[in-house]
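Please look through the sequence and the model shown below before reading on. The report that follows takes up one part of the fold at a time.

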Amino acid sequence: MVTYIARDGWTRVPRPATLSPFIGRQLRGLAVHWTGSEKPLGPDPTLAQSAARLEAYRRMHTGPEPKGRGWSDYAYNAAVDAVGRVFDGRGVDCRSAGNGDAAVNLSHGAVLLLKEVVAGGGAF
């Protein structure tokens with residue numbers, strides 16, 4: 001069974017009302033990202049650990065440059081941790097900002113995997 005964590009379950013910052021919606025006829029797929037973190041959460045992170053990691057990414061995405069990116073919100077539509085919990089990010093109805101450029105963000109959603117890649121094989 002999948003556990004869904006609403007946005008207010010991992011951050012106190014609400015989703016900005018100014019985010020652009022997806023346009024159904026433009027959607028083509030979903031991009032899956034992973035963090036490549038040097039500080040892995042391990043195979044069985046607690047809800048608090050995963051929530052803290054997501055909040056750190058949100059602060060980095062929205063914080064002022066040069067440490068932050070200065071974006072209006074966290075870039076990903078959703079995130080999934082190693083336990084399988086699904087965290088609401090921008091939401092599935094809002095355009096992603098995590099795919100590198102505007103054209104891909106128009107056509108693809110973005111999900112962040114909070115799971116480390118296994119050395120050597122690249123498998124999750």
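## The aromatic cluster

Trp10, Tyr74 and Tyr76 are linked into a cluster by ring pairs, where rings of Phe, Tyr and Trp (its six-membered ring) pair if their centres lie within 6.5 Å, and planes under 30 degrees apart count as stacked, over 60 as edge-to-face and the rest as tilted. By this rule there are two aromatic pairs, and one of them joins Tyr74 and Tyr76 edge-to-face, at 5.5 Å centre to centre and with 70° between the planes. This is a predicted model, in which local features need pLDDT of at least 70 and side-chain atom pairs count only at pLDDT 80 or more, while totals for chains, interfaces and linings use all residues. Residues are numbered from 1 along each chain as its sequence is written, and side-chain values use heavy atoms, with hydrogens and water left out.

Tyr74 is buried, with a relative accessibility of 1%, and Tyr76 is buried as well, at 13%; buried means under 20% relative accessible area, exposed over 50% and partly exposed in between, with a 1.4 Å probe and protein chains only. If neighbours within four places in sequence are left aside, Trp10 is in contact with Ile5, Ala51, Leu54, Glu55, Arg58, Tyr74, Phe87, Asp88 and Gly89, contact being defined as heavy atoms within 4.5 Å.

## The sheet

Five strands form an open sheet with mixed pairing, in the order E1-E4-E3-E5-E2. Strands (E, at least two residues) and helices (H or I, at least four) are DSSP runs numbered from the N terminus, and two strands pair if DSSP finds at least two bridges between them. Strand E1 (4-5) and strand E2 (29-34) stand at the edges with a single partner strand each, so one side of each has no neighbour in the sheet.

Strand E3 (residues 78-81) pairs with E5 in the parallel sense over four bridges, and within this pairing Ala79 has Leu112 as its bridge partner, while Val80 has Leu113. E3 and E4 run antiparallel and are joined by three bridges, with Val80 standing opposite Val86 in E4. E3 and E4 also form a hairpin with four residues between them, and Gly84 in the turn has a positive phi of about 105°.

## The helix and the core

Which residues of H1 are buried? They are Ser50, Ala51, Arg53, Leu54, Glu55, Tyr57, Arg58 and His61, and the buried residues of this helix pack against E3, E4 and E5. The end C-alpha atoms of H1 are 22 Å apart, which agrees with the 22 Å that its 16 residues should span at 1.5 Å a residue, the expected span being 1.5 Å times one less than the number of residues.

Ser50 lies in helix H1 (residues 47-62) and is buried at 0% relative accessibility. Not counting residues up to four places away in sequence, Ser50 touches Leu41, Pro45, Asp81, Arg85, Phe87 and Leu114.

## The loop between H1 and E3

Tyr76 is found in the loop between H1 and E3. The C-alpha atoms of Tyr76 and Ala110 are 5.2 Å apart in space, although 34 residues separate them in sequence. Leaving aside neighbours within four places in sequence, Tyr76 is in contact with His33, His61, Gly89, Arg90, Gly98, Ala110, Val111 and Leu112.

The C-alpha atoms of Trp71 and Arg58 are separated by 9.4 Å, the two residues being 13 apart along the chain.
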